[in-house]
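Here is a short briefing on one protein chain. Keep the structure in view as you read.

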Amino acid sequence: MPARPLIDLHAHSTASDGTLGPAELVRAAADAGLDVVAITDHDTTAGWAAAVDALPAGLGLVRGAELSCRWQGAQPALPLHLLAYLFDPEHPELVAELARVRRAREARGERIVELLRADGIDVSWPEIMAAADGGTVGRPHIAAALIRTGLVATTTEAFGPQWLGQRYRLPKEDIDVFRAVALVRAAGGVPVFAHPRASRRGRIVPDSLIAELAAAGLAGLEADHEDHTPAEAAHVRGLAADLGLLVTGSSDFHGSHKTVRLGAHTTAPEAYERIVAASSGVTGVASG
(Lines give C-alpha, C1' and ligand atoms only; values in the text may rest on other atoms or scores of the structure.)
Protein backbone atom coordinates (compact mmCIF):
# COMPACT_ATOMS: atom_id res chain seq x y z
CA MET A 1 0.00 0.00 0.00
CA PRO A 2 1.58 3.34 -1.04
CA ALA A 3 2.33 5.90 1.65
CA ARG A 4 -0.08 8.80 1.94
CA PRO A 5 1.40 12.00 0.54
CA LEU A 6 2.77 14.55 3.01
CA ILE A 7 1.08 17.91 2.47
CA ASP A 8 1.99 21.08 4.41
CA LEU A 9 -0.26 24.01 3.50
CA HIS A 10 1.20 26.89 5.52
CA ALA A 11 4.79 28.09 5.15
CA HIS A 12 6.51 31.47 4.96
CA SER A 13 9.52 32.75 3.04
CA THR A 14 11.52 35.97 3.04
CA ALA A 15 8.74 37.48 0.94
CA SER A 16 7.24 38.12 4.38
CA ASP A 17 8.66 37.02 7.73
CA GLY A 18 10.31 33.68 7.02
CA THR A 19 14.08 33.23 6.97
CA LEU A 20 14.37 31.10 3.82
CA GLY A 21 14.00 32.60 0.36
CA PRO A 22 11.17 31.15 -1.77
CA ALA A 23 13.63 28.98 -3.71
CA GLU A 24 15.23 27.78 -0.48
CA LEU A 25 11.79 27.07 0.97
CA VAL A 26 10.72 24.68 -1.79
CA ARG A 27 14.10 22.91 -1.72
CA ALA A 28 13.79 22.55 2.07
CA ALA A 29 10.28 21.14 1.60
CA ALA A 30 11.58 18.52 -0.80
CA ASP A 31 14.44 17.68 1.57
CA ALA A 32 11.90 17.28 4.38
CA GLY A 33 10.11 14.62 2.36
CA LEU A 34 7.02 16.67 1.55
CA ASP A 35 4.95 15.91 -1.54
CA VAL A 36 3.13 19.26 -1.52
CA VAL A 37 3.94 22.57 0.15
CA ALA A 38 2.08 25.88 0.17
CA ILE A 39 3.82 29.25 0.14
CA THR A 40 1.60 31.53 2.21
CA ASP A 41 3.44 34.76 2.91
CA HIS A 42 1.66 37.55 4.71
CA ASP A 43 -0.44 39.73 2.40
CA THR A 44 1.73 39.14 -0.67
CA THR A 45 2.31 36.90 -3.68
CA ALA A 46 5.84 38.22 -4.16
CA GLY A 47 7.46 34.81 -3.56
CA TRP A 48 5.35 32.83 -6.01
CA ALA A 49 7.46 33.16 -9.15
CA ALA A 50 10.77 32.31 -7.48
CA ALA A 51 9.20 29.29 -5.77
CA VAL A 52 7.79 28.00 -9.07
CA ASP A 53 11.10 28.53 -10.87
CA ALA A 54 13.03 26.58 -8.22
CA LEU A 55 10.48 23.81 -7.68
CA PRO A 56 12.22 20.44 -7.32
CA ALA A 57 10.96 17.53 -9.39
CA GLY A 58 8.15 15.68 -7.68
CA LEU A 59 7.13 18.49 -5.33
CA GLY A 60 3.73 20.12 -5.72
CA LEU A 61 3.33 23.81 -4.91
CA VAL A 62 0.16 25.49 -3.72
CA ARG A 63 0.37 29.20 -4.27
CA GLY A 64 -1.31 31.19 -1.53
CA ALA A 65 -1.08 33.96 1.04
CA GLU A 66 -1.96 34.56 4.67
CA LEU A 67 -4.24 37.58 4.89
CA SER A 68 -4.23 39.91 7.89
CA CYS A 69 -7.89 40.25 8.89
CA ARG A 70 -9.99 41.74 11.64
CA TRP A 71 -13.41 41.01 13.10
CA GLN A 72 -15.26 44.10 14.24
CA GLY A 73 -17.75 42.18 16.38
CA ALA A 74 -15.55 42.46 19.50
CA GLN A 75 -14.14 45.45 21.33
CA PRO A 76 -11.38 46.04 20.64
CA ALA A 77 -11.61 44.49 17.19
CA LEU A 78 -10.14 41.01 17.08
CA PRO A 79 -7.26 40.22 14.67
CA LEU A 80 -7.26 36.90 12.84
CA HIS A 81 -5.57 35.29 9.84
CA LEU A 82 -7.09 33.85 6.70
CA LEU A 83 -5.16 31.46 4.47
CA ALA A 84 -6.05 32.02 0.82
CA TYR A 85 -5.14 29.33 -1.70
CA LEU A 86 -4.88 29.33 -5.50
CA PHE A 87 -6.42 32.75 -6.10
CA ASP A 88 -5.84 34.99 -9.13
CA PRO A 89 -2.91 37.22 -8.12
CA GLU A 90 -4.09 39.92 -10.53
CA HIS A 91 -7.65 40.27 -9.23
CA PRO A 92 -7.91 44.09 -9.01
CA GLU A 93 -9.81 44.47 -5.74
CA LEU A 94 -7.75 41.87 -3.90
CA VAL A 95 -4.50 43.32 -5.23
CA ALA A 96 -5.52 46.79 -4.04
CA GLU A 97 -6.51 45.54 -0.59
CA LEU A 98 -3.28 43.61 -0.10
CA ALA A 99 -1.25 46.64 -1.17
CA ARG A 100 -3.13 48.78 1.38
CA VAL A 101 -2.41 46.28 4.16
CA ARG A 102 1.29 46.10 3.25
CA ARG A 103 1.56 49.90 3.36
CA ALA A 104 -0.14 49.90 6.76
CA ARG A 105 2.27 47.22 8.04
CA GLU A 106 5.22 49.33 6.92
CA ALA A 107 3.86 52.49 8.55
CA ARG A 108 3.22 50.61 11.79
CA GLY A 109 6.71 49.10 11.75
CA GLU A 110 8.33 52.48 11.30
CA ARG A 111 6.27 53.91 14.16
CA ILE A 112 7.28 51.00 16.47
CA VAL A 113 10.93 51.69 15.66
CA GLU A 114 10.41 55.37 16.48
CA LEU A 115 9.00 54.38 19.89
CA LEU A 116 11.95 52.05 20.54
CA ARG A 117 14.46 54.73 19.54
CA ALA A 118 12.71 57.30 21.73
CA ASP A 119 13.47 54.96 24.65
CA GLY A 120 17.13 54.83 23.69
CA ILE A 121 17.04 51.45 21.93
CA ASP A 122 19.46 51.43 19.01
CA VAL A 123 17.47 49.92 16.16
CA SER A 124 17.51 51.31 12.64
CA TRP A 125 14.48 51.45 10.35
CA PRO A 126 16.62 51.56 7.16
CA GLU A 127 18.48 48.44 8.35
CA ILE A 128 15.20 46.67 9.10
CA MET A 129 13.88 47.54 5.65
CA ALA A 130 17.12 46.33 4.07
CA ALA A 131 16.89 43.05 5.99
CA ALA A 132 13.31 42.58 4.77
CA ASP A 133 14.73 42.82 1.23
CA GLY A 134 11.47 43.92 -0.34
CA GLY A 135 9.34 41.44 1.61
CA THR A 136 6.27 42.35 3.63
CA VAL A 137 7.62 44.03 6.78
CA GLY A 138 6.34 42.70 10.09
CA ARG A 139 7.15 42.59 13.77
CA PRO A 140 9.48 39.58 13.29
CA HIS A 141 11.82 41.86 11.33
CA ILE A 142 11.90 44.25 14.29
CA ALA A 143 12.40 41.27 16.61
CA ALA A 144 15.45 40.28 14.55
CA ALA A 145 16.82 43.81 14.98
CA LEU A 146 16.34 43.57 18.75
CA ILE A 147 18.20 40.26 18.73
CA ARG A 148 21.06 41.91 16.84
CA THR A 149 21.31 44.55 19.57
CA GLY A 150 21.71 41.83 22.19
CA LEU A 151 18.72 43.09 24.19
CA VAL A 152 16.80 39.86 23.61
CA ALA A 153 18.02 36.38 22.77
CA THR A 154 15.11 34.96 20.79
CA THR A 155 12.10 35.95 18.71
CA THR A 156 9.87 34.58 21.46
CA GLU A 157 11.51 36.91 23.99
CA ALA A 158 11.14 39.85 21.59
CA PHE A 159 7.40 39.16 21.42
CA GLY A 160 7.12 39.21 25.22
CA PRO A 161 5.08 41.85 27.07
CA GLN A 162 7.97 44.26 27.71
CA TRP A 163 8.80 44.36 24.00
CA LEU A 164 6.69 43.81 20.90
CA GLY A 165 3.96 41.82 22.60
CA GLN A 166 2.60 44.72 24.61
CA ARG A 167 4.79 47.73 25.44
CA TYR A 168 5.77 48.41 21.82
CA ARG A 169 2.77 46.85 20.15
CA LEU A 170 0.67 49.02 17.89
CA PRO A 171 -2.53 48.12 16.01
CA LYS A 172 -2.44 47.75 12.24
CA GLU A 173 -5.05 48.20 9.54
CA ASP A 174 -6.34 44.81 8.47
CA ILE A 175 -9.05 43.57 6.10
CA ASP A 176 -12.54 42.99 7.45
CA VAL A 177 -12.73 39.21 7.57
CA PHE A 178 -16.05 38.98 5.71
CA ARG A 179 -14.67 41.20 2.96
CA ALA A 180 -11.54 39.05 2.83
CA VAL A 181 -13.56 35.86 2.36
CA ALA A 182 -15.59 37.51 -0.39
CA LEU A 183 -12.49 38.86 -2.16
CA VAL A 184 -10.69 35.51 -2.06
CA ARG A 185 -13.75 33.75 -3.48
CA ALA A 186 -14.17 36.44 -6.16
CA ALA A 187 -10.53 35.86 -7.14
CA GLY A 188 -11.17 32.14 -7.58
CA GLY A 189 -9.39 31.25 -4.35
CA VAL A 190 -10.19 29.01 -1.40
CA PRO A 191 -10.26 30.65 2.09
CA VAL A 192 -9.27 28.68 5.21
CA PHE A 193 -9.24 30.12 8.74
CA ALA A 194 -5.70 29.86 10.16
CA HIS A 195 -5.21 28.47 13.71
CA PRO A 196 -8.71 29.60 14.80
CA ARG A 197 -8.60 28.20 18.34
CA ALA A 198 -5.00 29.06 19.32
CA SER A 199 -5.69 30.63 22.72
CA ARG A 200 -1.97 30.90 23.47
CA ARG A 201 -1.83 33.59 20.76
CA GLY A 202 -4.45 35.71 22.53
CA ARG A 203 -8.20 36.16 22.21
CA ILE A 204 -10.07 33.70 20.00
CA VAL A 205 -13.25 34.17 17.97
CA PRO A 206 -16.53 32.52 18.98
CA ASP A 207 -17.79 29.48 17.09
CA SER A 208 -20.79 31.57 16.02
CA LEU A 209 -18.50 33.80 13.93
CA ILE A 210 -17.00 30.77 12.19
CA ALA A 211 -20.53 29.59 11.40
CA GLU A 212 -21.30 33.01 9.88
CA LEU A 213 -18.08 32.91 7.87
CA ALA A 214 -18.93 29.41 6.62
CA ALA A 215 -22.27 30.74 5.37
CA ALA A 216 -20.36 33.59 3.68
CA GLY A 217 -17.95 31.31 1.81
CA LEU A 218 -15.25 30.13 4.23
CA ALA A 219 -14.05 26.74 2.97
CA GLY A 220 -12.08 25.29 5.85
CA LEU A 221 -10.37 25.43 9.22
CA GLU A 222 -6.73 24.79 10.10
CA ALA A 223 -6.91 22.31 12.98
CA ASP A 224 -3.50 20.67 13.38
CA HIS A 225 -1.12 23.51 14.20
CA GLU A 226 1.74 24.02 16.63
CA ASP A 227 -0.25 26.61 18.61
CA HIS A 228 -3.30 24.39 19.13
CA THR A 229 -3.46 22.10 22.12
CA PRO A 230 -4.84 18.60 21.37
CA ALA A 231 -8.16 19.71 22.86
CA GLU A 232 -8.25 22.85 20.71
CA ALA A 233 -7.44 20.88 17.56
CA ALA A 234 -10.20 18.39 18.40
CA HIS A 235 -12.66 21.25 18.92
CA VAL A 236 -11.77 22.69 15.51
CA ARG A 237 -12.22 19.32 13.80
CA GLY A 238 -15.62 18.89 15.45
CA LEU A 239 -16.72 22.38 14.44
CA ALA A 240 -15.58 21.77 10.85
CA ALA A 241 -17.59 18.55 10.74
CA ASP A 242 -20.68 20.34 12.05
CA LEU A 243 -20.35 23.10 9.43
CA GLY A 244 -19.26 20.94 6.48
CA LEU A 245 -15.86 22.62 6.27
CA LEU A 246 -12.63 20.97 5.20
CA VAL A 247 -9.82 20.56 7.74
CA THR A 248 -6.14 21.30 7.18
CA GLY A 249 -2.96 20.78 9.18
CA SER A 250 0.32 22.59 8.66
CA SER A 251 3.59 23.70 10.18
CA ASP A 252 3.25 27.48 9.78
CA PHE A 253 6.97 27.26 9.03
CA HIS A 254 9.02 30.46 9.40
CA GLY A 255 12.57 29.08 9.25
CA SER A 256 14.75 30.06 12.18
CA HIS A 257 12.13 32.51 13.53
CA LYS A 258 10.32 29.47 14.95
CA THR A 259 11.42 26.01 16.04
CA VAL A 260 8.65 24.16 14.20
CA ARG A 261 9.86 22.14 11.20
CA LEU A 262 8.32 21.70 7.77
CA GLY A 263 5.83 18.86 7.80
CA ALA A 264 5.38 18.96 11.58
CA HIS A 265 1.64 18.93 10.87
CA THR A 266 0.09 17.92 7.58
CA THR A 267 -3.17 17.97 5.61
CA ALA A 268 -5.06 14.88 4.50
CA PRO A 269 -5.00 14.30 0.74
CA GLU A 270 -8.79 14.41 0.65
CA ALA A 271 -8.86 17.94 2.05
CA TYR A 272 -6.11 19.03 -0.34
CA GLU A 273 -8.08 17.65 -3.27
CA ARG A 274 -11.15 19.61 -2.14
CA ILE A 275 -9.08 22.82 -2.15
CA VAL A 276 -7.78 22.18 -5.65
CA ALA A 277 -11.24 21.29 -6.93
CA ALA A 278 -12.80 24.41 -5.40
CA SER A 279 -10.26 26.81 -6.91
CA SER A 280 -10.50 28.69 -10.20
CA GLY A 281 -7.82 31.36 -9.77
CA VAL A 282 -4.32 30.28 -10.73
CA THR A 283 -4.18 27.19 -12.92
CA GLY A 284 -4.17 24.42 -10.39
CA VAL A 285 -0.96 23.41 -8.64
CA ALA A 286 2.49 23.97 -10.12
CA SER A 287 4.73 20.93 -9.90
CA GLY A 288 8.21 20.00 -10.96
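Pro76 sits in the loop between strand 3 and strand 4. The peptide bond from Gln75 to Pro76 is cis, with omega near -5°. This is a predicted model: local features need pLDDT of at least 70, side-chain atom pairs count only at pLDDT 80 or more, and totals for chains, interfaces and linings use all residues. Residues are numbered from 1 along each chain as its sequence is written, and side-chain values use heavy atoms, with hydrogens and water left out.

Helices (H or I, at least four residues) and strands (E, at least two) are DSSP runs, numbered from the N terminus.

**Backbone angles**

- Most residues other than glycine have a negative phi, and most peptide bonds are trans.
- Leu86 is not a glycine, yet its phi is positive, near 55°.
- Leu86 lies in the loop between strand 4 and helix 3.
- Leu86 is buried, at 0% relative accessibility. (Buried means under 20% relative accessible area, exposed over 50%, and partly exposed in between, with a 1.4 Å probe and protein chains only.)
- Asp252 also has a positive phi, about 55°, although it is not a glycine.
- Asp252 belongs to the loop between strand 8 and helix 10, and it is buried with a relative accessible area of 2%.

- An α-helix has 3.6 residues a turn, so residues three or four places apart point the same way.
- Helix 8 covers residues 207–216, and its buried residues are Leu209, Ile210, Leu213 and Ala214.
- Seen down the axis of helix 8, these residues fall within an arc of 145°, so they line one face of the helix. (The arc is that of the directions from the helix axis to the C-beta atoms.)
- Strand 3, strand 4, helix 7, strand 6, strand 7 and helix 9 are among the elements that cover the buried residues of helix 8. (Contact means heavy atoms within 4.5 Å.)
- In helix 10 (residues 269–278), Pro269, Ala271, Tyr272 and Ile275 are buried.
- Down the axis of helix 10, the buried residues fall within an arc of 160°, so they too line one face.
- They pack against several strands, including strand 1 (7–8), strand 2 (36–42) and strand 8.

**A parallel strand pair**

- Strand 7 (residues 220–224) and strand 8 (residues 246–249) run parallel and are joined by four bridges. (Two strands pair if DSSP finds at least two bridges between them.)
- Glu222 has Thr248 in strand 8 as its bridge partner.
- From strand 7 the chain passes through helix 9 (residues 230–243) to strand 8, in a right-handed β-α-β crossover. (Right-handed means that, with the strands pointing away from the viewer, the path from the first strand over the helix to the second runs clockwise.)

**Salt bridges**

- The structure holds 14 salt bridges. (Each is a side-chain nitrogen of Lys or Arg within 4 Å of a carboxyl oxygen of Asp or Glu.)
- Asp43 and Arg105 form one of them, at 2.9 Å from N to O.
- That pair links distant parts of the chain: Asp43 is in the loop between strand 2 and helix 2 (48–53), and Arg105 is in helix 3 (residues 92–118), 62 residues apart.
- Both Asp43 and Arg105 are buried.
- Arg100 forms a salt bridge with Glu173, with the closest N and O atoms 3.4 Å apart.
- Arg100 is partly exposed, with a relative accessible area of 24%.
- Arg167 and Asp119 meet at 3.5 Å, N to O, in another salt bridge.
- Arg167 is exposed at 56% relative accessible area, while Asp119 is partly exposed at 43%.

- Leu183 is found in helix 7 (residues 177–186) and is buried, with a relative accessible area of 4%.
- Leu183 touches His91, Glu93, Leu94 and Glu97, not counting residues up to four places away in sequence.
- Leu183 and Glu93 are 90 residues apart along the chain, yet their C-alpha atoms are separated by 7.2 Å.
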